[in-house]
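Here is a colleague's note for someone opening this structure for the first time. Please read the points with the model in view.

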Amino acid sequence: MHLSKNTGEKPSSNVLDMTSGSPYSLMLGFAMPVFLSQVFQQLYNTADAFIVGRYLGTNALAAVTSSGNLIFLLVSFFMGVAMGGGVVISRYFGAKDEKQVSRSIHTMMAFGAASGILLTVIGVIFTPLFLTWMQTDPEVMPEAVEYFRYYFLGAFAIVMYNICCSIMNALGDSRRPLYYLIFSSLVNILLDLLFIGGFHWGVWSAAVATVISQAASVALCMAYLLQKGNIYTVELKKIRFHRDILLEIVNYGLPSGVQNSVIAFANVIVQSQINSFGRLAMAGYGVHCKIEGFAFLPVTSFNMAATTFISQNLGARQYDRAKKGARFSILSAVLLAEAIGILYYVFAPQLIGLFDPSSGVIRYGVTQARIVALFYCLLAFSHSIAAVCRGAGKAFVPMIVMLSVWCVLRIGYILAVMELTGEIRYVFWAYPLTWSISSAIYLFYYLFSDWVHGFER
């Protein structure tokens with residue numbers, strides 16, 4: 001790769017060159033702030049669910065918790081493409097090409113702005129249609145529409161925050177996003193308590209609290225990225241689409257966007273089947289998803305560290321070092337996931353009861369938890385190999401696996417068992433089944449493919 005001449009800018013002390021030093025300590029040092037950031041990110045919707053469930057009742061809880069899959073469906077495509085931008089930035093950063101790093105960052109900012117505007121329009125206009133399609137319980141529908149529409153009015157801030165974090169993480173800076181998330185999460189919780197517990201406003205105010213806190217974090221991110229004299233410096237007049245960089249971002253990010261979308265689409269199908277069992281099933285399933293989101297954060301953190309580590313090192317053509325980092329991240333994620341799964345299996349009734357003490361909600365949530373929790377090692381393995389593929393510029397591979405197994409096969413299985421049995425526990429078994437199949441495919445690919453030369457090819 002041709003390296004540009006040094007621009008005279010000095011990398012900030014917050015960015016992290018992962019092409020030298022101990023891979024293990026570097027990845028752990030990167031993953032820990034990411035983990036804490038993810039914890040506070042999860043606090044956004046979890047605080048909404050907890051406070052809404054306690055103050056506004058089961059219908060409002062069902063409205064909030066059932067929103068996760070639909071929100072992920074609408075947001076995930078843009079976030080997947082942003083992952084491609086992170087891979088492009090990491091690759092050029094590892095190759096010490098500062099000019100291309102700057103062009104990639106400004107293209108990412110333009111992409112985020114355009115995506116945020118588009119997502120706002122889609123989310124606000126089509127919310128009732130989406131919820132009807134998902135067979136949302138009529139008792140829950142009015143509050144669900146309120147929550148969604150106010151949430152998507154702030155979609156621009158939500159997308160831009162994730163774009164800013166993607167830029168900083170690609171440069172190895174996982175600490176500063178943590179600081180901003182701590183601040184915004186605390187703001188979100190305080191506003192939830194004020195709006196719902198103090199003012200006794202409806203479920204829509206939980207979405208407003210989330211949007212305000214996300215906007216605050218975007219303001220902090222932009223204040224940092226606009227600082228002069230650093231490799232990451234954003235200049236407002238330079239924010240535009242660079243065609244060659246945009247093509248690279250799409251090349252590496254489009255498969256991840258499609259992958260995220262098909263997973264989200266499959267989960268929306270699952271949600272629509274769950275919704276047909278009524279509001280207690282909706283609330284139980286939604287609470288389980290909130291808890292599972294927290295439980296899987298350590299795995300997500302290692303995956304993000306792996307993608308950045310592998311991208312930087314393959315950009316520097318350090319192939320053996322990239323392989324070593326991949327092995328470490330996979331093993332760590334699998335072991336952590338299984339330990340967490342065992343704990344969740346044991347304490348599921350207590351954890352679910354924190355959100356809603358209703359016996360029906362607890363029964364549905366515990367049923368799902370005890371079907372899937374012991375298989376978290378397989379889920380972690382699939383996500384870990386997918387992260388390795390993304391870091392190596394091979395995002396097309398996880399897209400194909402997720403599309404065929406986690407979307408087509410999962411949906412086909414669920415529709416079949418609902419037709420044959422109509423029992424909810426067989427719907428829950430769709431997850432361990434598809435995790436097992438995808439893990440077998442990924443293992444074969446990881447062992448027998450030449451994934452380390454993904455960028456060259």
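1. Start with Ser438, which has its place in helix H17, residues 430–448. The model is a predicted one. Ser438 has a relative accessible area of 0%. Buried means under 20%, so Ser438 counts as buried. Leaving aside neighbours within four places in sequence, its contacts are Ser382, Val401, Val405 and Trp406.

2. Look next at helix H15, residues 396–420. It has 25 residues, and at 1.5 Å a residue it should span 36 Å. The C-alpha atoms at its ends are 35 Å apart, which agrees. H15 still bends, by about 30° at Met402. After H15 comes Gly422, with a positive phi near 65°.

3. Which residues touch the most other members of the largest nonpolar core? They are Phe152, Ile310, Tyr376 and Trp451, in a core of 146 residues. Helix H3, residues 67–94, gives this core its largest share, 14 residues.

4. In general, an α-helix has 3.6 residues a turn, so residues three or four places apart point the same way.

5. Now the aromatic rings. The count comes to 20 aromatic pairs. One cluster is formed by Tyr150, Phe195, Phe199, Trp201 and Trp204.

6. Two arginines lie over ring faces. Arg91 is over the face of Tyr92, at 5.7 Å from the ring centre. Arg370 is over the face of Tyr345, at 5.3 Å from the ring centre.

7. Check the backbone at Lys96. Its phi is positive, near 65°, and Lys96 is not a glycine. Lys96 sits in the loop between H3 and helix H4, residues 98–133. Is Lys96 buried or partly exposed? Its relative accessible area is 44%, so Lys96 is partly exposed.

8. Arg317 is not a glycine, yet it has a positive phi of about 60°. Its loop runs between helix H11, residues 297–315, and helix H12, residues 319–355. With a relative accessibility of 46%, Arg317 counts as partly exposed.

Note on methods
Residues numbered from 1 in each chain as written. Predicted model: local features only at pLDDT ≥ 70, side-chain atom pairs only at ≥ 80, totals over all residues. Heavy atoms only, no water. Helix = DSSP H or I, 4+ residues; strand = E, 2+ residues; numbered from the N terminus. Expected span 1.5 Å × (residues − 1). Bend = angle between axes of the 7 residues up to and from the residue. Phe/Tyr/Trp six-rings, centres within 6.5 Å; stacked < 30°, edge-to-face > 60°. Lys NZ or Arg CZ within 6 Å of the ring centre and 35° of its normal. Core = buried A, V, L, I, M, F, W, Y, C linked by side-chain atoms within 4.5 Å. Buried < 20%, exposed > 50% of the residue type's maximum accessible area, 1.4 Å probe, protein only. Contact = heavy atoms within 4.5 Å.
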